Amino acid sequence: MSDIKATVVDHPLIQHKLTIMRKKDTPSKDFRQLLEEIAMLMTYEVTRDFPLEEIDIETPVAKCKAKVLAGKKVGVVPILRAGLGLLSGVVNMIPSARVGHVGMYRDPATLKPVEYYCKLPGDVAERTLIVVDPMLATGGSAAAALTLLKEKGAKNIILMCLVAAPEGIKVINEEHPDVPVYVAAIDECLNEKGYIVPGLGDAGDRIFGTL
């Protein structure tokens with residue numbers, strides 16, 4: 001679908017690790033580890049345009065000017081429960097980030113999102129929020145979570161997912177055109193049950209071993 005907008009982070013290491021995750025016989029332990037590693041690699045790209053400032057420091061050899069992040073406040077918001085699988089990788093790269101949680105699930109009958117939990121840092125309006133969820137399928141849960149965050153005062157949001165369906169990206173583009181979308185892969189489509197094809201199955205079940 002040429003009318004969708006998303007940045008595909010297609011680094012060879014990410015694609016290699018994602019292929020292993022897709023295999024149905026990859027155990028939960030390996031699945032979790034690979035997801036954390038991909039989250040770290042994707043965070044590198046998501047933060048590429050973060051502003052820098054120059055400060056004076058002293059190395060063991062000499063005084064010099066060096067660059068640091070320009071005081072940017074970051075928050076990481078996993079969409080429960082599967083988003084927790086990406087959380088540690090992002091926080092490993094941005095240890096000072098505050099962490100919020102949004103609980104959303106997709107009703108299996110209607111495929112509509114249902115909110116059941118929300119706990120955020122008090123200063124979300126001042127932070128860049130990186131919302132993480134492994135799968136962007138219908139886009140309903142992610143779109144609802146982004147709407148909720150905006151209602152809570154968030155002004156600068158990035159959505160980071162592992163695998164997306166074109167249908168899901170289109171929903172985010174249409175309902176939240178101000179939110180950049182980063183993914184490791186855009187798959188073919190959704191099946192009649194709303195699962196991504198070829199996808200990797202239910203990410204939450206594979207992360208937590210609840211198949």
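## A salt bridge at Arg48

Arg48 pairs with Glu45 in a salt bridge, with 3.0 Å between the closest N and O atoms; the term covers a side-chain nitrogen of Lys or Arg within 4 Å of a carboxyl oxygen of Asp or Glu. Glu45 is partly exposed, at a relative accessible area of 23%. Here, buried stands for under 20% relative accessible area, exposed for over 50%, and partly exposed for what lies in between (1.4 Å probe, protein chains only). The structure holds 10 salt bridges.

## What you are looking at

This is a predicted model, where local features need pLDDT of at least 70 and side-chain atom pairs count only at pLDDT 80 or more, while totals for chains, interfaces and linings use all residues. Residues are numbered from 1 along each chain as its sequence is written, and side-chain values use heavy atoms, leaving out hydrogens and water.

## Lys73 and its partner

Lys73 forms a salt bridge with Glu126, and their closest N and O atoms are 3.1 Å apart. This pair links distant parts of the chain, 53 residues apart: Lys73 sits in the loop between strand E3 (63-69) and strand E4 (74-80), and Glu126 in the loop between strand E7 (113-119) and strand E8 (128-136). Strands (E, at least two residues) are DSSP runs, numbered from the N terminus.

Lys73 is partly exposed at 35% relative accessibility, whereas Glu126 is exposed at 54%.

Through salt bridges with shared partners, Lys73, Asp123, Glu126 and Arg127 join into one network.

Conventions: Helix = DSSP H or I, 4+ residues; strand = E, 2+ residues; numbered from the N terminus.
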